[in-house]
Amino acid sequence: MSLTGCKQETSSYQIDASRSFTLQRIKNTFWSRDWERWLTVARMPDCQRKHRLDDESEFGEIKLRQIDDNLFQLQDGKTLYEIDLQQCTLTELDRKAEKQGETVGKFTSPDGKGIAFEAVAPKPQAAPQ
């Protein structure tokens, strides 16, 4: 008899009806210390790709910034990634790359029992004069 188990946590940020990001954490066995992590980048119906992030043993917040309509930046600890929704790509940036864009939210683990995406409220626009 074999005793195995797995655990999976998933959370998404839906930009609009066709564009989204989904973070998935998977622990394949109960004795494993590390979690596999995947980020799915989608711009439907044109593209959808699942990208592997580095494994982790403890959850750390992952921040998402928007540079323009189809270009985002993901901050995973000290690692920055550029996400191109036009091609559904995820590219790790050089360690010297600077943070860009406006923060739209972050993937967190508020209760330590799952992950969630917490959106940042948009900054109010100045009234025209």
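This report walks through the aromatic pairs, the sheet and the nonpolar core of a predicted model.

## Aromatic pairs

A pair of aromatic rings is described by the distance of the centres and the angle of the planes. Here the count comes to 5 aromatic pairs. One of them joins F21 and F72, sitting edge-to-face at 5.0 Å centre to centre with 75° between the planes. F21 belongs to strand β2 (residues 19–27) and F72 to strand β6 (residues 71–76), so this pair ties together parts that lie 51 residues apart in sequence.

F30 and W31 make another edge-to-face pair, with 5.1 Å centre to centre and 80° between the planes. What about their surroundings? F30 is exposed, at a relative accessible area of 52%, and W31 also counts as exposed, at 55% relative accessibility.

Ring pairs also link up into a cluster made of Y13, F21, F72, F107 and F117.

## Charges over rings

Two tryptophans have a charged side chain over the ring. R25 lies over the face of W35, 4.0 Å from the ring centre. K50 does likewise over the face of W38, at 5.1 Å from the ring centre.

## The open sheet

Now for the strands. An open sheet is built from 4 strands in the order β1-β2-β3-β4, with antiparallel pairing. The edges are taken by β1 (7–14) and β4 (47–56); each has a single partner strand, so one side of each is left without a neighbour in the sheet. Ignoring direction, neighbouring strands of this sheet are turned by 15° against each other on average.

Inside the sheet, β2 and strand β3 (residues 35–43) run antiparallel and are joined by 8 bridges. Among the residues involved, I26 has E36 in β3 as its bridge partner.

In soluble globular proteins, nonpolar side chains tend to be buried together. In this model the largest nonpolar core has 20 residues, and those touching the most other members are F21, L23, L39, V41, L64, L74 and I83. At least two core residues come from each of β2, β3, β4, β5 (62–68), β6, β7 (79–84) and β9 (102–108).

Key
Residues numbered from 1 in each chain as written. Predicted model: local features only at pLDDT ≥ 70, side-chain atom pairs only at ≥ 80, totals over all residues. Heavy atoms only, no water. Phe/Tyr/Trp six-rings, centres within 6.5 Å; stacked < 30°, edge-to-face > 60°. Buried < 20%, exposed > 50% of the residue type's maximum accessible area, 1.4 Å probe, protein only. Lys NZ or Arg CZ within 6 Å of the ring centre and 35° of its normal. Pairing = 2+ DSSP bridges. Axes fitted to C-alpha atoms, helices over the stretch in contact; angles between N-to-C directions. Core = buried A, V, L, I, M, F, W, Y, C linked by side-chain atoms within 4.5 Å.
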